[in-house]
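Welcome to this short tour. Please open the structure in your viewer and keep the selection tool at hand.

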Amino acid sequence: MGNGNSREAKESRRSRLRQKLLNFRRRSRYSRNSNQKAVTADDFSGIALLTLVGADMKFKDKWLACVSFGEQTFRTEISDTTEKPIWNSEKKLLLEKKGPSLARVSVFETNKLSRNKIVGYCELDIFDFVVQEPESACKSFELLDPASSKVVGNIFLSCAIEDPVETEKRFAKRILSIVDYNEDGQLSFSEFSDLIRAFGNLVAAKKKEELFKAADLNGDGVVSIDELAALLALQQEQEPIINNCPVCGEALQLSDKLNAMIHMTLCFDEGTGNQVMTGGFLTDRQASYGWMFKLSEWTHLSTYDVGLNTGSSASHIVVIDRKSKRLVEELIDSKIVLSMRAIYQSKIGLRLMDQGAKEILQRLSEKQGKKMNSVESAQKIPSFLEFFKDQINMAEVKYPLQHFKTFNEFFIRELKPGARPIAYMNRDDVSVCAADCRLMAFQLVEDSTRFWIKGRKFSIRGLLGKSVNPNDFLDGSLVIFRLAPQDYHRFHVPVSGVIEKFVDLSGSLYTVNPIAVNSKYCNVFTENKRTVAIISTAEFGKVAFVAIGATMVGSINFVRKEGDHVKKGDQLGYFSFGGSTVICVFEKDSIRIDEDLLANSSRSLETLVSVGMQLGVSTRTLA
């Protein structure tokens, strides 16, 4: 009878939890559709157990799978040679308040020495999964080729949400078993005392005898782990006694009881008997590398890290996708990375630039620009798409591939109408992102030199040139939109207003890659060729829009002229072949930039954004 009631209570809690998630998804969808502020996951925080069961592929190989969720990536072991790999590999994922919900699962063939090849991927919304599927269900997802979006196989996954009360009890049982030295399923007072000391709570240490007696109902000097687990779970809920995680020693935020317990549960993942996926990776590409990359990490020739791109950390550029809240790696040819490190991260390299290399870059860029306008250059389009196969979505492109007669025609491709929705289109007090790019945003210009721009000569005066009065912008806000070669290369107006003037500034053609921007030896933004557009607005005052050329950029082209009235989201111009950057400078106290963009930038972490995403709100209309 008692067991039946316990099962019913447990199922009831899970049902309520499932219903809460379902209500959250309905409300958030409604909010997005009605253009109101979306409801976030503030009303829920918990743990999902994701299991990669296996896959059905189209050919035999040794396979591994990776799961990327938020800023973490995990991988399975490598399967035997087969077309039907079985992993039965699991990982607990934290569903945070305002955190990520979209997981990406990638499957790699592993017959390469240095880098395994991605064959297919799928994406799933963890929230949707746990509210739609029974907890024991194993669901099949189609794996898509990143280049063609054709189905290349199926992967089988299951996902269950953990009941918070059950999580607490299971954790308590597991952690208590550590000090059950004789493994008899019971704890003596001395064993319990050792555990309390590990919790780091002096008050609880004084109360340990009281707590022990409360659980020792028959007074025989020992208690069962089940009895003590229930008591600890109840005590932790009423008056927390665990100050430090007994596994990693990290101090816990006692005001957030559930997440403190979740931290310990994840830190001490008891699993279900299946293999636990290996963690510690930032991206699926990093997780999939073979032994040669691991050797390069060990010798410090190459490292993965979030933050400034200097030294060996300049080998791989990691950015965070704003939409999925997932870390992704920017694709750059390794030979180009090594050459940029040699030139821009050293005094010797920059001396070479000063002794004629600037002119070489100029001539090379001009020559490459002409080459990319030739009919023969169209032959390079397929290989370009293959290299960036999971970062260019041809379904968004306005014209089919055969429409483009030269590489540059493809490079400045247009998108289909509606491919980039503009946030709050009817509100001119909301500014939007000007490009598909990697974005850095700073509420104060001086913050940009602390967290990102390391060139010693950078200044607003130097950026805008002598023909623009810099006084209005000196203590303002600064946003950097960096476009990589694979991006849609048309830039758009971030605010509604009137174009007052254009100012062309001649200069060099350094790369705008973070390897150069993060170098103290180089002053990319104030020395490169650029055009400054001043936009006068009612909501933000004056906004300086600076289009900056870079290595291999043939030209900067504007499709608007002085005196034009522009609406935010309107196309303003485009860059021809190469990487390039736009910088927007706002007047002091004119904009409140979105918090997630500022938070990422304070970590020296670029945010991957699309044209039309919200950038910030005018503070003048808020006053």
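Before the first stop, a word on terms: two strands pair if DSSP finds at least two bridges between them. Helices (H or I, at least four residues) and strands (E, at least two) are DSSP runs, numbered from the N terminus. The model is a predicted one, where local features need pLDDT of at least 70, side-chain atom pairs count only at pLDDT 80 or more, and totals for chains, interfaces and linings use all residues. Residues are numbered from 1 along each chain as its sequence is written, and side-chain values use heavy atoms, with hydrogens and water left out.

**Stop 1: strand S21 and its partners**

Select residues 530-537, which are strand S20, and then S21: the two pair in the antiparallel sense over eight bridges. A hairpin of three residues links S20 to S21. Click on Ile534 and you will find Ala544 of S21 opposite.

Is S21 (residues 541-548) mostly covered or mostly open? Seven of its eight residues are buried, where buried means under 20% relative accessible area, exposed over 50%, and partly exposed in between (1.4 Å probe, protein chains only).

**Stop 2: Ser590**

Move on to the loop between S25 and strand S26 (591-593), where Ser590 sits. Ser590 has a relative accessible area of 0%, so it counts as buried. Its side chain reaches the backbone oxygen of Glu587 at 2.7 Å. Show the surroundings too: leaving aside neighbours within four places in sequence, Ser590 is in contact (heavy atoms within 4.5 Å) with residues including Glu539, Phe540, Val617 and Arg620.

**Stop 3: an open sheet**

Next, look for three strands in the order S18-S24-S22, an open sheet with antiparallel pairing. S18 (490-492) and S22 (556-558) stand at the edges with a single partner strand each, so one side of each has no neighbour in the sheet. Zoom in on S22 and S24 (residues 571-575), which run antiparallel and are joined by three bridges. Asn557 is opposite Tyr574 in S24.

**Stop 4: two positive phi angles**

Most residues other than glycine have a negative phi. Select Lys325, not a glycine, and you will find a positive phi of about 60°. Lys325 lies in the loop between strand S13 (318-321) and strand S14 (326-329), and is partly exposed at 35% relative accessibility.

Finish at Tyr424, also not a glycine, with a positive phi of about 45°. Tyr424 is in the loop between helix H13 (407-411) and strand S15 (430-432), and counts as partly exposed at 24% relative accessibility.

Note on methods:
A polar contact is a pair of N or O atoms within 3.5 Å; within protein, one must be able to donate a hydrogen and the other to accept it, and residues adjacent in sequence count only if both atoms are side-chain atoms.
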